[in-house]
Amino acid sequence: MGDMKYVAGVDIGNATTEVAIAKIDGKDIEFIASGIGPTTGIKGTLQNISGVFMSLRNALDKVGMDYSDLQEIRINEAAPVIGDVAMETISQTVITESTVIGHNPSTPGGNGVGVGTSVLVTELSKITEEKDVIVVVPSSVSFAQAALMMNGAKKNVHITGAIVQEDDGVLLNNRLDRKIPIIDEVLQIEKVPLGMTCAIEVAPQGTVLDTLSNPYGIATVFDLDSEETKRVVPIARSLIGSRSGVVIKTPTGDVQARSIKAGTINVVGPKKEVDVDVDEGADKIMEAIATIQDIQDIQGETGTNVGNMLDKVRRTMAGLTEKSPDKIKIQDILAVDTFNPQKVIGGIADEFALENAVGIAAMVKSDRLQMEKIARVLTEKLNVPVYVGGVEADMAIKGALTTPGTSVPLAIVDMGAGSTDASIINREGKVKLIHLAGAGNMVSVLIQSELGLDSFDRAEDIKKYSLAKVESLFHIRHEDGTVQFFDKPLDPYIFAKVVLVKENDELVPLDGVESLEKVKQIRINAKKKVFVTNAVRALSKVSPTGNPHDIQFVVMVGGSALDFEIPNFVTDALSQYDIVAGRGNIRGCEGPRNAVATGLAMACLEEE
Ligand code: ADP
Ligand code: MG
C-alpha cells in the first residue's frame, strides 16, 4: 500500500491537451479518468500552461480529486510544432485587353448563347445593314429606355444578347418583345470594346456555362482554326463554373495564364542539399524532400513568397522560445497542389479565376529545454513534481498498444492537427519514430482556400460533417443519396440549400455554395492529399527497410482519426501495401484519442 500513487500523463498537442490519470499500486496500473481541453498558445511554449491546468481540472473533476492528490505528472517531450500552413499561388490569369467576362451576377436574364457585334444601345437606330448584334447598356440608360430602343430596332438588326452595367437584367428582359440572354452587373462596362464580335452565354438556373467554358465551343462560335483554339484555352478555363460569360474577339486582346515565380526551396541534409522551384508543383517538392533522409533545415529563397513564409515560421518560433531565428530549424514540409480563386487581372466585372497554388505546411522541432521550462513552471504552480516523460511518438505507441487485439510488432500513425507522427515497435521493444508536417489543420486550410471561404471554422465544419440538400420543407437528401424525412417543417431559410448535417439533425446552410458534389470532392481530395500522402511517407520512414510493405499492422490514433472518412482513406491506401490498418481504441474505451497521455502515465509505472 505504501507505494500506491496517483499519476497524470499530459499530452500537449498543437490543438488539444489531453490528460490520463492513473492509480499505480505496485506493479498494477488502473486508469481512473481522462481529460481534454484546447491547447493554449503555440505548442512547446509557456503559453501552454493554462491549457494544462484546464485539461487536468477536466479529468480531476470527474473523480472528485484535486491537483494536490497527484504524486507525479509527466508531459510529452520534444514535440514537433506546426509553424505555418500557407498558400502560394503559382498561376495568374491576365487579360491584356477586354476579351472575357465571366462572372456570376445574382440575376442574369434569359438564357442561351448569343453571338454578334457589340453595339451601344443608343447607336442601334444608326445601323443600316443586316446585322447580328449584342447590345451594350451603360448605367446612363435606364432599363425602360433600353427596352424601348431595343424593341424599336429595325428588321435588319437582330439582337442576340445584351451586356448591362446595372443589376437589372431581369427587368430589361421582362420588357423585351423577344427574350435574349442578358449579362448584368458588368461594373466597368466602358471597357467592353465596341464594334467587335462577341459571344455571350447565360446558363439556365442551377447549371453552369457549357459552350464558352469549352475551347471547342469558343472555336465553333468564332470559327477559329486549331492554332487559335489553343490560345483560347485560358479563356475557357477562366469561365469554368460561371453562370454567365462573355468572350469578345478583339484583334490584339489576349488572355494569358502566366506562371508566377514563387521562389526556390532549399533542403539541407548532413551531406547534400537540393533545390526545387515551388512553381514546379507539389510532387516535385515532395520528391526533393524525399531525397534527403535526415533533413537539417529547409530554407526558402530570400525575397520570394516561400522565403517569407519560412522566415515567418522561424521568427515566430524564435520569438516564443527566446532564441535567435537562425537556431530554429525547419525539419519537414508537406506540399500539396491546390487551387484558389483569385481576381483576374485586367478583368472588367470582378471576375475570379481558379488559379493553381501550392499549399505548404512547415514543421519546427521544439526542443527538450523548452519542455523542461514548462515542467519547471508547472512544478512550482502545482506543487507536484512534473517531468518531461518521453518522446511523443514513443508514448503514443505505448498507449496505442492498449487497443484490444494489438501486439508487437506494430506501427502507429498519430494524426493530429499540425503533424502526422508515426512510430514502429519491433518484437524486442525497440521503437523508431518520425514527425511529419501536415495534418488536420492543413486539410481545413485546403478546403477554406479552394472554396474561397472567409472563415477557418467553417472549413473545419465542412471537414467534419457530411452534406445534404434540402429538397423540400419536409425532407433532405443526404450526400450518399438517402432521404431523411422530418415531422415538423424545416426552416424555410434553408430550403433548396446545401447544408451540413451536424449532431441532433442540426442543419447548417452553406451560403454561396452551388453544388454539393463540388464541396464533397474538395473535401475528399483535401483529406487524401494530406493524410494518404503522409501515412505512406511516415510509414516508409519508420519501416526497417524503408518500404511500407514490411509493416503488417498499423493503428491510427489522434483527433483526425475520429474523422468519418480519413481512416477509411488511409486503410484503403495502405491495403495496397498489404498492411492491415484500423482506428485505435485506447484502453478499450477512449477511441483513437488519449494515446500519448496514456503512454506517459504508463511510463510512470515502468520506472517504479
Ligand atoms: P494534436 O495532437 O495536434 O493536438 P489532436 O489529436 O487533438 O491534435 O487532433 C486535432 C485534429 O483533429 C484537428 O485537426 C481537428 O480538426 C481534428 N478533429 C477533431 N475531432 C474531429 C472529428 N470528429 N472529425 C474530424 N476531425 C476531427
Ligand atoms: Mg497529438
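**Notes on a predicted model**

1. Glycine 582 is found in strand E30; helices (H or I, at least four residues) and strands (E, at least two) are DSSP runs, numbered from the N terminus. With a relative accessible area of 24%, glycine 582 is partly exposed (buried means under 20%, exposed over 50%, partly exposed in between, with a 1.4 Å probe and protein chains only). Leaving out residues up to four places away in sequence, glycine 582 touches Val554, Val555 and Met556, where contact means heavy atoms within 4.5 Å. Asparagine 568 is 14 residues from glycine 582 in sequence and 8.2 Å from glycine 582 in space, C-alpha to C-alpha.

2. A word on conventions: this is a predicted model, in which local features need pLDDT of at least 70 and side-chain atom pairs count only at pLDDT 80 or more, while totals for chains, interfaces and linings use all residues. Residues are numbered from 1 along each chain as its sequence is written, chains are lettered from A and ligands numbered from 1 in the order in which they are written, and side-chain values use heavy atoms, with hydrogens and water left out.

3. Now the overall picture. The protein has 608 residues, of which 54% count as buried, and its secondary structure comes to 15 helices and 30 strands. Along the principal axes, the C-alpha atoms fill a box of roughly 110 × 65 × 45 Å. Among contacts with a separation of 6 or more, 66% join residues 24 or more positions apart.

4. Cysteine 604 is 598 residues away from tyrosine 6 in sequence, yet their C-alpha atoms are 9.9 Å apart. Tyrosine 6 is partly exposed, at 22% relative accessible area. Apart from neighbours within four places in sequence, its contacts are Ala22, Lys23, Ile32, Met65, Asp69, Leu70, Gln71 and Glu72.

5. Helices H11 (residues 440–451) and H12 (residues 456–464) have axes that come within 8 Å and cross at roughly 110°. Axes are lines fitted to C-alpha atoms, for helices over the stretch in contact, and angles run from 0 to 180 degrees between N-to-C directions. H11 and H12 are therefore roughly perpendicular to each other (angles of 65 to 115 degrees count as such, under 35 as roughly parallel, over 145 as roughly antiparallel and the rest as oblique). The residues of this contact divide into 7 nonpolar, 4 polar and 2 charged; Ala, Val, Leu, Ile, Met, Phe, Trp, Tyr, Cys and Pro count as nonpolar, Asp, Glu, Lys and Arg as charged, and the others, Gly among them, as polar. On the H11 side they include Val443 and Ile447, and on the H12 side Phe456 and Ile462.

6. Helices H10 (residues 392–400) and H15 (residues 595–606) are also worth a look: their axes come within 7 Å and cross at roughly 85°. That makes H10 roughly perpendicular to H15. The residues of the contact divide into 8 nonpolar, 3 polar and 3 charged, including Met395 and Ala396 from H10 and Leu600 and Met602 from H15. H10 is mostly covered, with 8 of its 9 residues buried.

7. Finally, some backbone details to check by eye. The peptide bond from valine 408 to proline 409 is cis, with omega near -5°, and proline 409 lies in the loop between H10 and strand E21 (410–415). Asparagine 594 has a positive phi, near 80°, in the loop between strand E30 (580–583) and H15, and asparagine 594 is buried at 2% relative accessible area. Aspartate 505 also has a positive phi, about 60°, but is partly exposed at 41% relative accessibility; aspartate 505 lies in the loop between strand E27 (498–501) and strand E28 (507–509).
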